[in-house]
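Q: I would like to learn how to read the packing and the charged pairs in a model of this kind. Could we go through it step by step?

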Amino acid sequence: MPTITKLDAARRTLSVAIRLFFAREDAVAVHTLAAAAQAVVRDLAKSESATVTSILHDHPDIPENQRRAWINAINRPANFMKHADKDPDQTLEFAEEEAMTLILDASLVLTQLTGQVPPAVVTFLGWFAVAHPEMRAAFGRNDIADLCTTIGIKADDYEWFKSRAAG
């Protein structure tokens, strides 16, 4: 039986979430995997006193007296998808694009934590830079985004990104 670390579990879970994202698979599954990976890398970053543990959960502009409500709102979809003990009849208006934000957050924290960027994360960050060119400067050098610009790949060419995320 193989032994894995928490970091390896988070890296692998995040990579699968990214591949499913590009395959345009079920957004609920993508969100669930992304949230699980993001929670683990956040916890690992906190345990190592990293300077960034989450651009979502730990954003410095959230007033302390509103932080709990903010975190509850971010965690609501993931908690809905993994718990039914207290609210079995509850429903959720689900915004599929929230998975993208969780993947981004987990990718950035994982990269800071390890100094290594798995192929799926490289591809996702490249896609994000293409999909949100106004934020491109925040990513510094990005070979995938540069290549996309050079050869004319658009953010909605999910098949192209999927083939690179599998790498």
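Predicted model: local features only at pLDDT ≥ 70, side-chain atom pairs only at ≥ 80, totals over all residues.

Q: How should I read the largest nonpolar core, and which of its residues touch the most other members?

A: In soluble globular proteins, nonpolar side chains tend to be buried together. Here the largest nonpolar core has 41 residues, among which Ile18, Phe124 and Trp127 touch the most other members. Two or more residues come from each of several elements, including α1 (6–22), α4 (98–114) and α5 (119–131), and α4 gives the most, with nine residues.

Q: How many salt bridges are found in the whole structure, and where do Lys162 and Glu159 lie?

A: The search finds five salt bridges. In one of them the side chains of Lys162 and Glu159 meet at 3.5 Å, N to O, and both residues lie in helix α7, three residues apart, about one turn of the helix. Lys162 is partly exposed, with a relative accessible area of 30%, whereas Glu159 is exposed, at 52%.

Q: Is Arg67, the partner of Glu64 in another salt bridge, buried or exposed?

A: The cut-off for buried is under 20% relative accessible area, so Arg67, at 16%, counts as buried, while Glu64 is exposed, at 62%. The closest N and O atoms of this pair are 3.4 Å apart.

How values were computed: Residues numbered from 1 in each chain as written. Heavy atoms only, no water. Core = buried A, V, L, I, M, F, W, Y, C linked by side-chain atoms within 4.5 Å. Buried < 20%, exposed > 50% of the residue type's maximum accessible area, 1.4 Å probe, protein only. Helix = DSSP H or I, 4+ residues; strand = E, 2+ residues; numbered from the N terminus. Salt bridge = Lys/Arg side-chain N within 4 Å of Asp/Glu carboxyl O.
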